[in-house]
Amino acid sequence: MVVWDLAVVGAGPAGLSAAYVAARAGVRTVVLERAAHPRYKTCGGGLIGTSLAAVRDRIEVPAHDRVDRVTFTRDGRRGFTRHHPGGPLVTMVRREEFDDRLRAAAVAAGAEVRERVAVRAVEQEPEGVRLRLADGSAVSARAVVGADGSSGVTARHVGVRHRQVDLGLELELPVPPAERDRWRRRVLLDWGPLPGSYAWVFPKDDLLTVGVIAARGAGERTRAYLRAFVDRLGLAGIEPAHDSGHLTRCRTADSPLRRDRVLVAGDAAGLLEPWSREGISYALRSGALAGRAVVDGDLAGYERAVATDLLPSMRAGHRLLDVFARRPGVFHAVLATPPGWHMFVRFCQGTASFDETLTRAPVRAALALLDRVQGRAPS
């Protein structure tokens, strides 16, 4: 049986980033993907600056819009729009195209990608890992990077634990030219009626991605929020091209990232930004860190790298989500101020992480004030 240096489970941004980094360094790499590219993926598809930087030398991003204006509302009210003339804030992609570009880059780097291959079990061996496939065959490798999602087999094998689980609902709406013009270069973010919830409109040429996200456990209220949001936008009569939902899961602080020779990255590791639930940048970066650890022959180095490069921003994101869930009205008002808008721009463009932002004296003072009003009713 062929023994690979690295087997990657899952061909999304995390897995393909690991494969690209490893294969480019000469590591014999195979990627196992249960679907076939290009495949639809429930995802807002907004790339912030951190994501663009991660793929800048790898692919040409298949952009369907570049956003420089953001409209903010508080459950449909108190709306205001801000414009950033200094370049795009978010680049809009369709995930089937973006992921397929990443696949092609990994193949060009030397990785072998096998599609329509489902991994059913992970078995640790003295000198490597054996992956049991649905067809009864097996793949052996000296190391494995698991990137098959938060409910995948590799996350279960490693024992990933989650502190935050959210339900996201999303519609892809084909829109006529008038609606395209209305939304071109602009997104809408609506802070919702459920604690920690929000909704969005993302433009992608002849499609609008419209969705909501809220904590799991309020499914009917989340669906009602989406229906009301779509109706309020005047889009209720459009038949969706896709109508889907998914759970996002964010790791506990002490959740493992590795079990012996199996590393987990991206959603499989529960790595995402807790407030916005943005996961693409975390997938791209954690996948690259996992691939580098395999190249270096230092699998424990992956855990150290994630702790240094990603976890501080996640801790800050949890702090921000706590404030947002308790005081969404105050949060909305802060974004209308020049410092609040500047903070949002820096996050979108990837010039400052949340942990860096939350160390600034004005932000610390604002958070302390919000803590003192915690017992009051939400705005």
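Q: Which residue is the bridge partner of Phe-202 in β15?
A: In this predicted model, Phe-202 has Thr-209 as its bridge partner in β15.

Q: What makes β14 and β15 count as paired strands?
A: Two strands pair if there are at least two bridges between them. Seven bridges join β14 (residues 198–204) to β15 (residues 207–215), so the pair qualifies. The two strands run antiparallel.

Q: Why are β6 and β16 said to stand at the edges of the sheet?
A: The strand order is β6-β5-β13-β14-β15-β12-β16, in an open sheet with mixed pairing. β6 (77–83) and β16 (242–251) each have a single partner strand, so one side of each lacks a neighbour in the sheet. On average, neighbouring strands are turned by 20° against each other, direction ignored.

Q: Which strands does helix α6 touch?
A: Helix α6 (residues 219–232) packs on the sheet and touches β12, β13, β14 and β15. Its direction makes about 150° with that of β15.

Q: Which residues make the contact between α1 and α3?
A: Among them are Leu-16 and Tyr-20 of α1, and Phe-98 and Leu-102 of α3. By class, this contact has ten nonpolar, no polar and four charged residues. Arg-24 of α1 and Asp-99 of α3 also take part.

Notes. Residues are numbered from 1 along each chain as its sequence is written. This is a predicted model: local features need pLDDT of at least 70, side-chain atom pairs count only at pLDDT 80 or more; totals for chains, interfaces and linings use all residues. Side-chain values use heavy atoms; hydrogens and water are left out. Contact means heavy atoms within 4.5 Å. Helices (H or I, at least four residues) and strands (E, at least two) are DSSP runs, numbered from the N terminus. Ala, Val, Leu, Ile, Met, Phe, Trp, Tyr, Cys and Pro count as nonpolar, Asp, Glu, Lys and Arg as charged, and the others, Gly among them, as polar. Axes are lines fitted to C-alpha atoms, for helices over the stretch in contact, and angles run from 0 to 180 degrees between N-to-C directions.
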